[in-house]
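Hi there,

I'm passing a structure along to you, as promised.

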Amino acid sequence: MQVAKVLRHLHPQSLLEFHSGRRCSAIFDKLRKHINRVERENELLRQELLDAQKKRARDKKEIADLEKENSRLKQDLEATAQTNNGNSLSTPSAMQPAYSKPSARKRRRKPGRKKGHPGACRPAPARIDQTIEHTLSKCPICGSTDLGKPCGKHIRIIEDIPPVQPKATEHVYYEYYCPPCDTKVAAPMTEALPRATLGLRLTLLSAFLHYALGMTTRNICTWLRIFCQFPVTPGGLVLNWQRLAELLTPVYDGLAKAARLSAVLNADESGWRIGGLLAWIWCFTSKTLAYYVLTRSRAGPVVKEVLGEFFNGILVTDFFGAYNRIKAFAKQKCVVHLLREIKQVSLRNHATEWQLFARRLKRLMREALKLVIDREKLGEDAYKRRVANLHMRLADIFGCSYRDKDCERLSKRLAKHSDELLVFLLHPNVPADNNHAERQMRFAVIMRKNSYGNQSMRGAETQAILMSIFRTCQLRGIDPIAFLTASVAAAITSGVPLPIPESPKQHLAA
């Protein structure tokens, strides 16, 4: 109130200055508040910027780590692709596209024999069927006819296959009445299968091309039409093959019995198709036989049906669980499959524990493989000591506890099959791998690639019977056409086909 009275008595100029001072003070207060607010906002922005910079640094580090891991995974992927083309160990090579397979390694040495080796050429034929003389009546260069008598001669022997001309034979066989039997009888005809119009030799040759060499049925028909001047349909060939398989079923059953009695038997299985549906082909093979089975199942009962509850021999297989359903005198698991899996796991697992585990196991298996080679040099006592030492080292590997999942998984497998990994060290005739079964399975895989399996169960049975007989003949060194001609003739005459001889000498003696 007093201030208002004083202001009324002041000079107008002084009053103006007073009001200006109050206005400036208000402005200053307002600006000060604005500055404080801006400073607070600035502090918040500065803190947010600092947090963003820290987050960016963390993101950069995380990106760098991810790029490093991505680069390592790419290298692992490329290495895996080079090793097995990105497929599992059970994926056959024929199932992989050609463009995904790695290039072949450079040869360490040049192909062919070494320089200075004794010459090798085709031997001269035992007989000459025809002699043709080639003379000239005029010079082929200038046309002169004044050549006179020959002044020299050269001899070249050429072997060739003459043009094939099919042969049609009319067989007339008479019927006779037998009073004691009170029935009609006729002479047996062994040049063809019963109720067939195609000759036996043509049937055997076409079956050999299909079931032993893997040619498709249509390609065989094309070959017969062009080379042999013999037109035939695929259905006609297949029908004759099925009749042939029916006659030879006792021979196939004999191979099954021989497989069960084998001292050492390799076994393997692979995928197949029957009528477009998934099936499996099994191969049980030794050095002298190959027995194939085609089924819808890939389970243990198949092995039990073929080999029985107990196999009184040594069974060589991979680690597939179906082979564990039966007992045997001894079993040998494929060492190569184990080493291959160690290599595959090492491409993706770089843990220190796994690297030490893999190194110990690989060293042990390689020493075992080398020990077989050095058996004669070491002597029997030293050899037995080495074998016992390897068993102790193997027990030490799977007896430890591991944190790494791959180490734990493989150690459990080693413990489960500890008595089936080093059997080849105790029996000289037992291989350390299952390569023999895989080689015999290779022919079936080639056929699967070309023919896509079978259209029916009857075709699958025919496949198993004829492929088993042809592969066994090849393993024993027996001419399949000559043997099957005699065997089918015996089946037509007496009802029982001849069994496959054990050796070529036995075949020739028969």
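Here is what turned up, from the whole chain down to two local spots.

This is a predicted model, where local features need pLDDT of at least 70, side-chain atom pairs count only at pLDDT 80 or more, and totals for chains, interfaces and linings use all residues. Numbering starts from 1 along each chain as its sequence is written, and side-chain values use heavy atoms, with hydrogens and water left out.

The protein has 16 helices and seven strands (DSSP runs, H or I of at least four residues for helices and E of at least two for strands, numbered from the N terminus). Of its 510 residues, 34% count as buried (under 20% relative accessible area, with a 1.4 Å probe and protein chains only).

Let's start with the hairpin. Strands β1 (residues 175-178) and β2 (residues 183-186) run antiparallel and are joined by four bridges; strands pair if DSSP finds at least two bridges between them. E175 has A186 in β2 as its bridge partner. Four residues lie between the strands, and D182 takes a positive phi near 55 degrees.

Now for a helix pair. The axes of α8 (residues 335-348) and α12 (residues 405-416) come within 12 Å and cross at roughly 170 degrees (lines fitted to C-alpha atoms over the stretch in contact, angles from 0 to 180 degrees between N-to-C directions). That makes α8 roughly antiparallel to α12 (over 145 degrees). In α8, L338, E341, I342, V345 and R348 meet D406, R409, L410, R413 and L414 of α12 (heavy atoms within 4.5 Å).

Best wishes

Terms used: Buried < 20%, exposed > 50% of the residue type's maximum accessible area, 1.4 Å probe, protein only. Parallel < 35°, antiparallel > 145°, perpendicular 65-115°, else oblique.
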